[in-house]
Amino acid sequence: MDDLPGRIAEANRLIDNEPRLAGAAPGTIGRLEQLCSALSKALPAMGVGVSLLAADNHGGGTVAASNSASRVIEELQFTLGEGPCIDAYSSRSPILEPDLAGRGTRRWPGYGPAAQDHGVGAVFAFPLQVGAARAGALDVYRDAPGALSPHSMAQAFTFAEVAMGLLVDDQHGLESG
């Protein structure tokens, strides 16, 4: 499926088929957690997280993750003040780091080693944006170094688009979640 509507429909099918965990958050947050879990299985990846940021890059945090380890890795960026999510949001473009141990530690001297300590070998961040509006980023974590295949890149971009659509369509769900 090379057409965007078809890729979005497939992403939503995968999300719909992803079971909700007991005690999962309701509404948009719960759906974003299902999205993270579905994408981590579809790629495959060790984890996926979605974080929101404020316009000044100083506020924000993790709103959904595929698992507890991914939530910890995602939160490291806000604790350390650097990382792929922050860069993707700031630059409005994907941040692709297939070798966290190499260039990644030079790029993020705090986050790179800390993420490696949690088993991350590669990280890819996709901005959540539509037009001039931006909200955060979707991060994909892999345990081994290496680039994403073209198909995996397309999936990640599609899931980021679906995530942004959820955020735009259901702001009330975010407020209550």
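The structure is a predicted model, so local features are only taken at pLDDT of at least 70 and side-chain atom pairs at pLDDT 80 or more, while totals for chains, interfaces and linings use all residues. Residues are numbered from 1 along each chain as its sequence is written, and side-chain values use heavy atoms, with hydrogens and water left out. As for pLDDT itself, that is the predictor's confidence in each residue, from 0 to 100. Its mean over the protein is 91, and 92% of the residues reach 70 or more. Residues 172–177 are another story, with pLDDT below 50; in the model this stretch has six contacts beyond near neighbours in sequence (a contact means heavy atoms within 4.5 Å).

Now for the sheet. Five strands form an open sheet in the order β2-β1-β5-β4-β3, and the pairing is antiparallel. Strands here are DSSP runs of E, at least two residues long, and helices are runs of H or I, at least four, both numbered from the N terminus; two strands pair if DSSP finds at least two bridges between them. At the edges stand β2 (60–65) and β3 (95–97), each with a single partner strand, so one side of each has no neighbour in the sheet. On average, neighbouring strands are turned by 20 degrees against each other, direction ignored (axes are lines fitted to C-alpha atoms, for helices over the stretch in contact, and angles run from 0 to 180 degrees between N-to-C directions).

Strand β1 (residues 47–53) is joined to antiparallel β5 (residues 133–142) by six bridges. Gly49 has Asp139 as its bridge partner in β5, and Ser51 sits opposite Ala137 of that strand. With β2, β1 makes five bridges, again antiparallel, and here Val50 is partnered by Ala64.

In a regular strand, side chains alternate between the two faces of the sheet. In β1, Gly47, Gly49, Ser51 and Leu53 point one way, and Val48, Val50 and Leu52 point the other. Seven of the seven β1 residues are buried (under 20% relative accessible area; exposed is over 50% and partly exposed is in between, with a 1.4 Å probe and protein chains only).

Helix α2 (residues 27–42) touches β1, β2 and β5, and its direction makes about 65 degrees with that of β2. Helix α5 (residues 100–107) lies across β3 and β4 (122–130), at about 135 degrees to β3. Finally, Ala9 belongs to helix α1 (residues 4–17) and, at 46% relative accessibility, is partly exposed.
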